[in-house]
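Welcome, and please take a look at the protein shown here. The report below walks through its fold and its sheet.

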Amino acid sequence: RCGFVAIVGRPNVGKSTLMNRILGQKISITSRRPQTTRHQVMGIKTEGDDQVIYVDTPGMHIMSKDRNKAINRFMNQAASQALRDVDCVVFIVDRTRWMPEDQVVLDKLTHVKAPVILAVNKVDWLEDKASLLPWLEEVGAKRDFAAILPLSAKHGSNVPELEIEVAKHL
Ligand code: GDP
Ligand code: MG
């Protein structure tokens, strides 16, 4: 089996960190500063008979003030492009707060027919894991997600489970 998987989410949610974690190497630059990834970063993970091509999309940030800047247009275009013909989308959000930028990304997925998996990242920050439940319900209701997974891209918890979900759609 093989397939294309797009990793999407507003800047700073942990797309590059997840990509590096899945691929087991630092192929995508991670940073506290948003918009570190200017180009699409692709990585291929081969495991047994499965070959999955992950695409770490540059930020979808049309909320930024200078929305007409060429670099923004370019990056938005690249992000939309990455969503065409994918087998599966991993939509990453942070564990705490739904931001307008999250909605922008979700809106971009409206016409995407491929299954969308919701990954709630950075749960290693949570002291009280039970506080996550209402949040999972709230965000989980925003779309018919193929799966909803709390995880930590940085520490790796639940990342193998995410890969198993992804493999169902190859
Ligand atoms: P991107 O803009 O979506 O590609 O986000 P990055 O992967 O560059 O991550 C942004 C920041 O969040 C970096 O400082 C990462 O180290 C941090 N980060 C990413 N994933 C996690 C996580 O699971 N837990 C914690 N605590 N920090 C994370
Ligand atoms: Mg990045």
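Helices (H or I, at least four residues) and strands (E, at least two) are taken as DSSP runs, numbered from the N terminus. By that count the protein has five helices and six strands, and along the sequence they follow the pattern β-α-β-β-α-β-α-β-α-β-α.

A quick note on the source: this is a predicted model, in which local features need pLDDT of at least 70, side-chain atom pairs count only at pLDDT 80 or more, and totals for chains, interfaces and linings use all residues. Residues are numbered from 1 along each chain as its sequence is written, while chains are lettered from A and ligands numbered from 1 in the order in which they are written.

Now to the sheet. Two strands pair if DSSP finds at least two bridges between them. Six strands form an open sheet in the order E2-E3-E1-E4-E5-E6, with mixed pairing. At its edges are E2 (41-47) and E6 (147-150), each pairing on one side only.

| Strands | Sense | Bridges | Residues opposite each other |
|---|---|---|---|
| E1 (residues 2-8) and E3 (residues 50-56) | parallel | six bridges | Val5 and Tyr54 |
| E1 and E4 (residues 88-94) | parallel | four bridges | Ile7 and Val90 |
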